[in-house]
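Subject: Structure handover

Hello,

Here is the structure I promised you. Please open it first, then read my notes below with the model on screen.

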Amino acid sequence: MWPVPQPLQQAVDQYTWNPENPFIRGAIIQFERENGILGPRGTSEGRLHPAVTRALFLKTARQNGYAYEWVYVTKGSGTKQPEQLHVWKHTIRKNGWVWGTLVNTGVLGSTPNGTWPIYQRLPVTTMRGAFPVPVSQGEYQALAGKQVPQWGGATAEMPARGLVNGHPVVWQPYNDPGIRWVNYFDNGRGIHYYPRAGYGFPQSAGCVEEPAKTAPITYKVLHYGVPVTISASVFEGPSALS
């Protein structure tokens with residue numbers, strides 16, 4: 001009904017038109033939030049479960065009050081262009097790129113390509129997990145049978161070594177409190193602030209990291225259900241970088 005950037009059309013075309021489509025799930029998440037329908041853990045499910053289908057037919061159902069938005073994260077694999085995040089927005093009067101920032105994605109390609117909707121937003125949280133540190137084949141073999149905590153301070157353990165996209169790694173547990181401006185979009189992966197000396201190249205454990213100056217702006221621009229596309233492409237369009 002209105003023109004969209006070619007990468008957005010390409011992202012939409014990758015998925016069949018069913019309830020598992022991330023763009024449809026994003027719309028359901030927006031509906032859930034507008035109508036106060038949350039899952040057992042207080043998160044948006046993005047599923048056509050009974051509470052959603054009942055609410056859809058109520059005369060009191062609230063429509064989404066936000067303009068359509070889409071997040072496009074470009075890793076630019078094999079190029080000199082730095083990694084970037086851009087936000088495209090549709091309003092009644094105008095379509096266009098409204099915001100952009102340099103970002104970091106996961107080391108060894110640990111931020112997969114694809115599209116997911118934002119299902120949880122937190123101004124501050126604690127993130128726990130294990131960071132993949134590349135090792136040589138010799139180091140990898142020496143780690144056979146060894147265990148490490150699943151995250152910093154955890155009692156449960158996991159194998160100390162693993163493979164990330166075919167690369168041998170040792171898992172380095174972490175427990176980081178005070179992570180701010182978080183938009184979760186894929187199974188614990190999120191867009192958020194993380195302190196680094198520089199931005200624009202892979203450094204994270206899989207999340208999309210932002211600088212301190214831009215992260216609160218991105219958080220304010222986005223909302224629940226916005227689709228996030230991760231791509232190995234180079235960004236081609238009017239720059240909206242901060």
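Of the 242 residues in this protein, 45% count as buried. Keep in mind that this is a predicted model.

**The whole protein**

The protein has five helices and 12 strands. Its C-alpha trace spans about 65 × 40 × 35 Å along the principal axes. What about the radius of gyration? A compact globule of 242 residues would have a value near 18 Å, and the protein has 19 Å, so the two agree.

Now look at the contacts. Take those between residues at least 6 apart in sequence: 65% of them join residues at least 24 apart.

The surface comes next. The protein exposes about 12,900 Å², and carbon and sulfur atoms supply 55% of that area. As for charge, there are 21 positive and 14 negative side chains. The centres of these two sets lie 6 Å apart.

Start with T115. It sits in strand β4, which covers residues 114-117. Is T115 buried or exposed? Its relative accessible area is 5%, and the cut-off for buried is under 20%, so T115 is buried. Its side chain joins that of T229 through a polar contact of 2.8 Å. Beyond residues up to four places away in sequence, T115 touches A11, Y15, P22, F23, P227, V228 and T229.

Go on to S231. This residue belongs to strand β12, residues 227-231. S231 has 12% relative accessibility, and therefore counts as buried. Which side chain does the side chain of S231 meet in a polar contact? The partner is the side chain of S233, at 2.9 Å. With residues up to four places away in sequence set aside, S231 touches Y72, V73, T74, K75, G76 and N113.

Finish with Q172. You will find it in strand β9, which runs over residues 167-186. Q172 and A130 are 42 residues apart in sequence, yet their C-alpha atoms are 5.0 Å apart in space. A130 is also one of the contacts of Q172.

Best wishes

Conventions. Residues numbered from 1 in each chain as written. Predicted model: local features only at pLDDT ≥ 70, side-chain atom pairs only at ≥ 80, totals over all residues. Heavy atoms only, no water. Helix = DSSP H or I, 4+ residues; strand = E, 2+ residues; numbered from the N terminus. Rg over C-alpha atoms; globule rule 2.2 N^0.38 Å. Buried < 20%, exposed > 50% of the residue type's maximum accessible area, 1.4 Å probe, protein only. Contact = heavy atoms within 4.5 Å. Areas by Shrake-Rupley, 256 points an atom, 1.4 Å probe, with all protein chains shown as cover. Lys, Arg positive; Asp, Glu negative; His and termini not counted. Charge placed at Lys NZ, Arg CZ, Asp CG, Glu CD. Polar contact = N/O pair within 3.5 Å; in protein donor to acceptor, adjacent residues only side chain to side chain.
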